[in-house]
Amino acid sequence: MQTPPCSIVGVQPCGADHLGRLDVMMMSRRTCLEKKVPLELVHSDPMVTIGSSHGWVATLKDDGILRLQDDFNPAASDTNPKRIPLPPLVTLPHCQTQIVTNVSMSSSSPEDEDCVVAVKFLGPQLSFCRPAQRKPEWINVRIANPCFYSSRVMYSEKDDMFRIPGSGGHLIGSWDLGTHMHTPKIQKLRFKKFPNLAKTTRKLLDSCCTSEHLVESRSTGGEMFLVKWYKRTAEIVNGVAKMGTEALMVFKLDEQGNAVYTQDIGDLCMYLSKSEPFCVPASSFPGLPSNQVIIYDFDEAGFFFLDNLRFIGGNSTFKAPFHIPPPNMNN
């Protein structure tokens with residue numbers, strides 16, 4: 001049975017000690033479930049949620065132990081939650097393991113024999129672990145190219161590799177799950193049909209904070225997309241800048257390294273958040289919009305319509321469609 005994509009809104013205290021009812025947004029409808037989860041997952045400072053993959057939440061306390069938990073999975077048991085501790089993190093020389101960029105898993109459960117967990121830290125360290133092994137241990141990789149230092153890792157089921165887009169989106173580093181985890185395969189992208197941006201549009205995008213995200217569509221045979229996400233300061237509240245989405249650009253990738261700009265991803269609905277990016281066929285879930293990117297970020301949430309480049313919701317500073325002219329067919 002398929003579980004509809006959902007986001008965790010929070011936890012509503014229910015009177016039980018240290019427990020609360022899970023508050024979720026599912027199919028554009030907010031509801032409070034009967035499922036109870038520890039309040040510390042949301043409200044306690046010592047507990048830090050550092051990412052999510054396949055419905056498993058990764059947490060990291062001051063003890064340096066990364067734990068995988070299924071508390072936030074609405075389909076998982078609340079009477080018998082699973083909490084899987086991984087070995088103590090090992091910090092490579094001149095690296096750090098306190099700030100995590102994201103976490104990715106190669107299968108839907110860390111209890112699967114072949115499951116590999118990848119943790120990308122801010123900086124050069126990338127670490128792998130097989131939790132189901134009898135004596136699991138970390139395989140730590142130091143990434144040489146600085147363009148990957150702030151990027152996020154994702155798992156490609158089609159290629160059976162963990163992949164990281166470089167800053168700017170011109171390079172992709174891939175690490176296989178065999179004996180060559182320390183040696184990445186580097187692929188250079190060639191952008192095709194890139195839109196001819198007006199001078200004012202280009203100037204605005206140049207002023208944005210840009211991040212790159214790889215998203216694989218498993219329902220369509222492993223189609224791979226590169227998403228360039230443009231954000232800038234929408235407002236400053238109590239000295240803290242809140243970011244707002246200004247634009248998204250989606251590029252479809254092929255095996256030859258061509259990145260073709262598109263405003264049509266068909267029946268797919270794509271999700272960008274602090275968790276591992278993913279997409280699902282909209283037709284599998286009645287009411288889910290197609291050809292859209294749904295954003296759940298720290299500062300905002302909303303829908304980005306790819307056909308007319310309109311963003312609804314969040315802290316976006318533009319109200320009309322963000323105009324990007326048709327691609328230059330000569331590129």
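**Exercise 1. The second largest pocket**

*Solution.* The model is a predicted one, in which local features need pLDDT of at least 70 and side-chain atom pairs count only at pLDDT 80 or more, while totals for chains, interfaces and linings use all residues. Residues are numbered from 1 along each chain as its sequence is written, and side-chain values use heavy atoms, with hydrogens and water left out.

On a 1 Å grid over the protein atoms alone, a pocket is an open set of points with protein on both sides within 12 Å along at least five of seven lines, a cavity is a set of points where a 1.4 Å probe fits but cannot get out, and lining residues have an atom within 4 Å of a point. Grid points are joined across faces, edges and corners, and a volume is the space filled by probe spheres set on the points.

Step 2 is to locate the pocket. The second largest pocket holds about 490 Å³ of space, and among its 21 lining residues S150, R152, S211, H213 and K274 lie nearest its centre. At least two lining residues come from each of β8, β17 (209-217) and β18 (223-237), and β17 supplies the largest share, five residues. Strands here are DSSP runs (E, at least two residues), as helices are (H or I, at least four), numbered from the N terminus.

Step 3 is to sort the lining by class, with Ala, Val, Leu, Ile, Met, Phe, Trp, Tyr, Cys and Pro counted as nonpolar, Asp, Glu, Lys and Arg as charged, and the others, Gly among them, as polar.

**Exercise 2. The largest pocket**

Which elements give two or more residues to the lining of the largest pocket?

*Solution.* Of its 49 lining residues, C6, S52, S273, S275 and F278 are the closest to the centre. The contributing elements are β1 (6-13), α1 (40-43), β4 (48-53), β8, β12 (154-156), β21 (268-273) and β22 (278-281). By class, the lining has 26 nonpolar, 16 polar and seven charged residues.

**Exercise 3. An open sheet**

In what order do the four strands of the open sheet that includes β8 stand?

*Solution.* The order is β8-β9-β10-β11, with antiparallel pairing. The edge strands, each pairing on one side only, are β8 (100-105) and β11 (138-142). Within the sheet, β9 (residues 117-121) and β10 (residues 125-129) pair over four bridges, and L126 in β10 is the bridge partner of K120.

**Exercise 4. The cavities**

Compare the linings of the two cavities of 30 Å³ or more that the structure holds.

*Solution.* The largest cavity has a volume of about 90 Å³, and M27, S28, Y271, I294 and Y296 are the closest to its centre among 14 lining residues. This lining has eleven nonpolar, three polar and no charged residues. The second largest cavity holds about 40 Å³ of space, and its lining includes R152 and H213. Here β17 gives the largest share, three residues, and the lining divides into five nonpolar, two polar and two charged residues.

**Exercise 5. Backbone and accessibility**

Are H54, D160 and P281 buried or partly exposed?

*Solution.* Buried means under 20% relative accessible area and exposed over 50%, with partly exposed in between (1.4 Å probe, protein chains only). H54, in the loop between β4 and β5 (56-60), is partly exposed at 31%, and its phi is near 55°. D160, in the loop between β12 and β13 (161-165), is partly exposed at 38%, and its phi is also near 55°. Most residues other than glycine have a negative phi. P281, found in strand β22, is buried at 19%.

Notes. Two strands pair if DSSP finds at least two bridges between them.
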